Amino acid sequence: MVSTNLNSQHHLFAFIFIGPTASGKSGLAHSLVEQFQKESITCEIVNLDAFQIYKELSAGTAKPTENEKNKYNYHCIDLINIHENMDANTFAKKVTECCQEIIARGNIPFCVGGSGLYLRSFLHGLDNFPARDDEFRKHLRSLAEVNGWPWCHKWLSDVDPIRAQELHPNDKTRIERALEIYTLSGTPMSVLRSKTGQLNEQETLFPCYVIHMEPNDEILKERIKQRIPILFNQGWLKEVQQLYKKYSIKLNTFHGFQAIGYKEVLNYIINSENQTELANKNLNISELQERISTLTWQYAKRQGTWNAKEKKDFVITSLNDSECNRLFSEILDKIKKFRSIQIN
């Protein structure tokens, strides 16, 4: 469904590529950009990844290279510093404005990413919850250090049993947010929220076409396993070493450093500072990569669960020529229809 209130979005439209990490979203978008270029249609890519917005995170976030950024007209990358934070609503506004500018140039926005909350805010909008409060979070985290997050979960059960029942006792990020909302507003999060229906049953704020990447589990697991050493070869270890030298252990408190694998790489650096035997370091690197592969796979499964609830217009399970050509035709048809909405 599409909201009838399109005037506020200036007849915005977009193509959205979602899927778990390492599923091939960026590669598919790059290929389509090149195909449409041959048809004299210029497509520009808008990032929807929550961690590629950080200027100082590159290798570990699989950020596009400078050459790729220029070749494929990337936007919404390198927006803030690692010690800063950008909430989902602010990011959604930035993406929306960027897509409107792309359309105003006569081009087509391809929005690519795997961050569910950013996508949800962009497509559907979020509930009007209180903004984050750093002082409250600092206080809560000090309590959690002493009592543990299950104790915080019990506190949440007392003030918002519905939300608490939805969360694991160690889900610190969501427990923190739910307690923050209750403390700042005096009302449980479960009462304030209005967007409780299935995402695929909710209206989108503008016409869009959502492409889901859904590779077979074994294929995705293998792609992740192959990807992690590539990220290390592209300088992940050196990247974290430089960040550690610049920010010291404070790195662990930065929101940007919550990206999968970064804390594990930092722990490896700290623990191996006194190691001198190269063979032992190589062994530890291998173990580190295996650990990050496991964490990435677990994250990919969570992404798949989230994405399954989202609007679904086209599903790709295999990046073969037949499927890609069919998708190209579908997008070409939708471009004509979306542009007719603008004219009318």
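**View 1. Pairing of strands E1 and E5.** Strand E1 (residues 14–18) and strand E5 (residues 208–213) run parallel and are joined by 5 bridges. Ala-14 stands opposite Cys-208 in E5. Strands (E, at least two residues) and helices (H or I, at least four) are DSSP runs numbered from the N terminus. The model is predicted: local features need pLDDT of at least 70, side-chain atom pairs count only at pLDDT 80 or more, and totals for chains, interfaces and linings use all residues. Residues are numbered from 1 along each chain as its sequence is written, and side-chain values use heavy atoms, with hydrogens and water left out.

**View 2. The open sheet.** The sheet has 6 strands in the order E3-E2-E4-E1-E5-E6, with parallel pairing; two strands pair if DSSP finds at least two bridges between them. Strand E3 (74–75) and strand E6 (314–316) are the edge strands, each pairing on one side only.

**View 3. Helices on the sheet.** Helix H1 (residues 25–38) packs on the sheet and touches E1, strand E2 (43–47), E3, strand E4 (108–112), E5 and E6. Contact means heavy atoms within 4.5 Å. The direction of H1 makes about 165° with that of E4. Helix H4 (residues 116–124) lies across E1, E4 and E5, at about 160° to E1. Angles run from 0 to 180 degrees between N-to-C directions, and axes are lines fitted to C-alpha atoms, for helices over the stretch in contact.

**View 4. Packing of H5 and H8.** The axes of helix H5 (residues 134–147) and helix H8 (residues 172–185) are 10 Å apart, at an angle of about 125°. Phe-136, Arg-137, Leu-140 and Arg-141 in H5 meet Glu-176, Arg-177, Leu-179, Glu-180 and Thr-183 in H8.
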